Amino acid sequence: MSNLPLDIINDILSRLPVKSLVRFLCVSNRWYILINGQAFIKLHLYRSIESNTDRTLIVQEQNACIPFDYFSVSFHDEIRFGKPLEIHQPLHCSTMSTDILSCCDGLVCIYNQWGEEIAIWNPLIRKYRKLPSEPIEKPPGFSNSWPISLAFGYDKHNDDYKVLRVVRFFNMDKPGKEFEVKVCSIRLQCWKKIEDQWPNKEWSICSDSVFSNGALHWLVAEEGQSPENIVAFDLATEKFWVIRMPIKAPTSCVTCLEVLEGQLCFIVIVDEMYNDVWLMKEYGEESSWTWIYKIEQGVVGSTFEYCKPLMCSKNNRKKILMEESHRCRTYLIWYDIQKKIRKRVKIPKLPEVFQTVTCVGSLLLLDGDNMIDPTQKNNRNESPSEHLNPLVKGVIY
């Protein structure tokens, strides 16, 4: 390998999975500098996304004792899934739940129950970075602030990952609401207030946030009403705008937003009978909303609540990996939207109830803080091998 030109080594290494590259950091100083370079990290991420091969499920246990357990499940195709491996997240707290907000380019944003601590975490290389704390600035005349809504995504224009925080202020006995919007730059490690106004002060956020096409999105509704609009926030321009939903769902239905293959996805949940799913084929064009499938009772079981689309299969875009939720159990399934056939994924020792994000192989945050197993944090001793090669320390686990 030492006789190969650097550009050929670069090309070969950029096609390898993350876990191999982390090990290769200690091969030589030449490889260490190459793999740590921003150009290589971006090339590797691009190829991971394009090839759709280096993928891992990050599973968070739900409805269990705090703190929740986290697991990683590697997979290569529709059949071969690895065993769940317990992993440790960076916000350790024995009295407060920590949840996954979202995942972008292999980075997982997690936060504690009240949003007081937020971290960006690369679980595949065990690196993380905590965000600085930021006070809520309550405007005069308001006594209550709720809820705190968080969102996470990538600003391509400025090459920066950002977290947005939206806080709604109100008074129980008086009309009127106010909003505070702040954004945190991961690169600069600082918060700033967004001057652009929330589009309508009567609108409240009524869904989890999703990231697509450089923007963050929420379903919004007036108090006591069903959602009719989607509010989007462009991370580059830091401006809000409004997108109309493909249909107005009946008040008895539940609606939510997801992202499937990078496209904005709108879902209507009708009791325990069926889920209707639309995709926005051309981002920003409301006329491009396209109905793609319906998953019905009987196909996934006698009853179900929600089938969250996670990703399409590598070789067959008509098959979708889904997280299927019942009242007290969660399953992973492959669903063929043409044949309307469901096949359960058999992964032993998964928690009974969980939530899932799909994580692409990424070297982002290679310069972040090291994850340490909290059970060994107070008794961890460096092994002699860590002193033999300065490249190993803090990189190999």
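This is a predicted model: local features need pLDDT of at least 70, side-chain atom pairs count only at pLDDT 80 or more; totals for chains, interfaces and linings use all residues.
The axes are lines fitted to C-alpha atoms, for helices over the stretch in contact, and the angles run from 0 to 180 degrees between N-to-C directions. Residues are numbered from 1 along each chain as its sequence is written, and side-chain values use heavy atoms, with hydrogens and water left out.

The protein chain contains 4 helices and 26 strands, where helices (H or I, at least four residues) and strands (E, at least two) are DSSP runs numbered from the N terminus. Of its 397 residues, 49% count as buried; buried denotes under 20% relative accessible area, exposed over 50%, and partly exposed the range in between (1.4 Å probe, protein chains only). Among contacts (heavy atoms within 4.5 Å) between residues at least 6 apart in sequence, 51% join residues at least 24 apart.

Helix H1 (residues 6-13) packs against helix H3 (residues 29-36) at an angle of about 60°, with the two axes 11 Å apart. H1 and H3 are therefore oblique to each other. Their crossing is right-handed; a crossing has this hand if the near helix is turned clockwise from the far one by less than a right angle, and is left-handed if anticlockwise. On the H1 side the contact involves Leu-6, Ile-9, Asn-10 and Leu-13, which meet Arg-30, Trp-31, Leu-34 and Ile-35 of H3. By class, the residues of this contact comprise 6 nonpolar, 1 polar and 1 charged, with Ala, Val, Leu, Ile, Met, Phe, Trp, Tyr, Cys and Pro taken as nonpolar, Asp, Glu, Lys and Arg as charged, and the others, Gly among them, as polar.

Side chains of opposite charge can pair when their charged atoms come close. Lys-182 is buried, at 2% relative accessible area, whereas Glu-134 is partly exposed, at 25%.

Glu-180 forms a salt bridge with Arg-165, the closest N and O atoms being 3.2 Å apart. Glu-180 belongs to strand E10 and Arg-165 to strand E9 (residues 160-171), so the pair ties together parts 15 residues apart in sequence. Both Glu-180 and Arg-165 are buried. Through shared partners, salt bridges join Glu-134, Glu-137, Arg-165, Glu-180 and Lys-182 into one network. A further salt bridge pairs Lys-162 with Asp-155, at 2.9 Å between the closest N and O atoms; Lys-162 is buried at 7% relative accessible area, and Asp-155 is buried at 1%.

Most residues other than glycine have a negative phi. Glu-261, in contrast, has a positive phi near 55°. Glu-261 is placed in the loop between strand E17 (254-260) and strand E18 (263-270) and is partly exposed, at 41% relative accessibility. Leu-365, also not a glycine, has a positive phi of about 70°. The loop between strand E25 (354-360) and strand E26 (369-370) holds Leu-365, which is buried at 9% relative accessibility.

Key. A salt bridge is a side-chain nitrogen of Lys or Arg within 4 Å of a carboxyl oxygen of Asp or Glu. Angles under 35 degrees count as roughly parallel, over 145 as roughly antiparallel, 65 to 115 as roughly perpendicular and the rest as oblique.
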